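Notebook open. I wanted to look at the sheet first, then at the domains and the ligand.

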Amino acid sequence: MSVNLEIIQTALSDLKDPETGRTIGSTGQLSGVEVQGKKVVCSVSLSTHSLPVQDGFRERILETVRTCRAGAADVEVQFSELERPPVPLGQIGLSAKSVIAVGSGKGGVGKSTIATSIALTLSNMGCKVGLMDADVYGPSIPHLLGISGRPEVKNGKIQPIYYEKIAVMSMGFMVEEDQAVIWRGPMLHGAITQFLRDTYWGALDYLIIDMPPGTGDIALTLSQMIPVTGSVVVCTPQQVALLDAVKAIAMFGKTKIPVLGMVENMSGFICPDNGKRYDIFGHGGARIKAEESRVAFLGDVPLNMQMRAESDEGRIGNAVLDPVCKPALGKIVQAMCERINDRAAAQPNGPALPVL
Ligand SMILES: Nc1ncnc2c1ncn2[C@@H]1O[C@H](COP(=O)(O)OP(=O)(O)OP(=O)(O)O)[C@@H](O)[C@H]1O
Ligand SMILES: [Mg+2]
């Protein structure tokens with residue numbers, strides 16, 4: 001039986017681009033389907049925003065060709081990069097396709113660690129990433145990444161400090177590390193406004209925002225300035241932390257920021273001496289709480305000595321590549337991006353993510 005190219009082409013045309021939810025046939029992203037003997041070669045272009053879900057999309061292409069039974073014995077998928085710049089957001093003109101706030105109801109559960117790790121993982125996958133430290137009282141991102149410097153102002157825009165390809169903005173660049181800064185509410189609002197509106201972020205796929213602990217002030221400011229794509233709620237497995245996480249979910253709900261999902265941090269400890277797992281703070285509580293709260297569970301990151309030690313030394317960039325952290329973070333980022341894409345696919349006709 002010869003390969004029926006037309007059937008394959010029609011079936012593939014209906015697949016939806018992960019970023020926009022539009023069919024790849026209509027957007028021109030299915031740039032070719034060719035037969036080479038019994039093998040079908042499919043050429044598809046995806047934007048860098050979709051790189052975290054590229055493997056899943058390849059699977060979908062393979063499955064589609066398989067199920068249309070058009071005589072293809074073998075399938076190859078060739079991806080190329082689609083140039084698709086972001087549309088400036090809101091009135092402030094921030095050019096970012098997805099804005100993600102990483103928060104929790106409780107201090108010290110690892111928001112900054114997870115926010116920075118997500119930014120690094122996305123960047124390592126090839127996405128264009130910005131990282132904004134919205135914790136103006138206790139900025140920790142410059143320390144985690146081991147970067148310093150004073151942002152310059154060029155053409156009326158604050159130039160971020162770069163960690164490799166990631167544009168970073170933090171109050172830590174503006175004040176000395178041991179200096180106490182007293183912030184009044186309106187000043188806080190002003191600082192966040194400057195970070196978002198007056199910083200030259202460039203064209204971003206993802207802007208990751210590390211939220212401060214506590215009240216919803218900053219979340220409210222953010223949601224009034226830009227359409228925040230969604231939030232990631234970080235918690236540790238103990239019951240007290242989980243209760244605070246539920247409050248964080250409610251807080252994001254009040255500010256109309258959709259919750260993309262929950263991450264369980266410090267989830268078990270894998271002993272480097274014997275490889276055994278010890279559930280110091282418990283394990284699995286976040287998954288249960290996520291289900292109860294009707295939000296997705298994105299994954300967990302174990303308590304990890306390398307993560308703690310390298311972060312303290314300003315080398316979190318190394319820690320995310322560690323054999324325990326890398327797969328865990330890859331899974332979380334992939335799940336997070338799938339949720340973002342579900343939202344894109346659901347608009348404007350389908351239901352959006354639950355705003356609780
Ligand atoms: N998975 C992990 N394994 C080991 N150490 C971790 C892990 N996650 C976070 N830590 C460590 O826990 C401490 C607190 O983390 P982090 O500063 O990210 O928390 P936070 O929630 O941002 O705190 P704050 O509320 O003060 O902003 C840091 O020393 C960090 O290195
Ligand atoms: Mg923090």
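I call two strands paired if DSSP finds at least two bridges between them. Helices (H or I, at least four residues) and strands (E, at least two) are DSSP runs, numbered from the N terminus.

I'm working on a predicted model, where local features need pLDDT of at least 70, side-chain atom pairs count only at pLDDT 80 or more, and totals for chains, interfaces and linings use all residues. Residues are numbered from 1 along each chain as its sequence is written, and chains are lettered from A and ligands numbered from 1 in the order in which they are written.

Sheet: I looked up β1 against β2 (residues 39-46) and found an antiparallel pair joined by six bridges. Glu 34 has Val 41 of β2 as its bridge partner. The open sheet holds three strands, ordered β1-β2-β3, with mixed pairing. β1 (30-36) and β3 (74-81) are the edges with a single partner strand each, so one side of each has no neighbour in the sheet.

Domains: the domain assignment (automatic or from a database) gives domain 1 (5-81) and domain 2 (96-346). Their C-alpha centres are 33 Å apart. I find 10 residues of domain 1 in contact with 14 of domain 2, contact meaning C-beta atoms, placed from the backbone, within 7 Å.

Ligand 1: I get 20 residues around it, the closest being Gly 107, Gly 110, Ser 112, Thr 113 and Arg 308; the cut-off is a C-beta atom, placed from the backbone, within 6 Å. α4 (111-125), β12 (259-270), β14 (297-303) and α10 (305-312) each give two or more residues to this shell.

Technical notes:
Contact = placed C-beta atoms within 7 Å.
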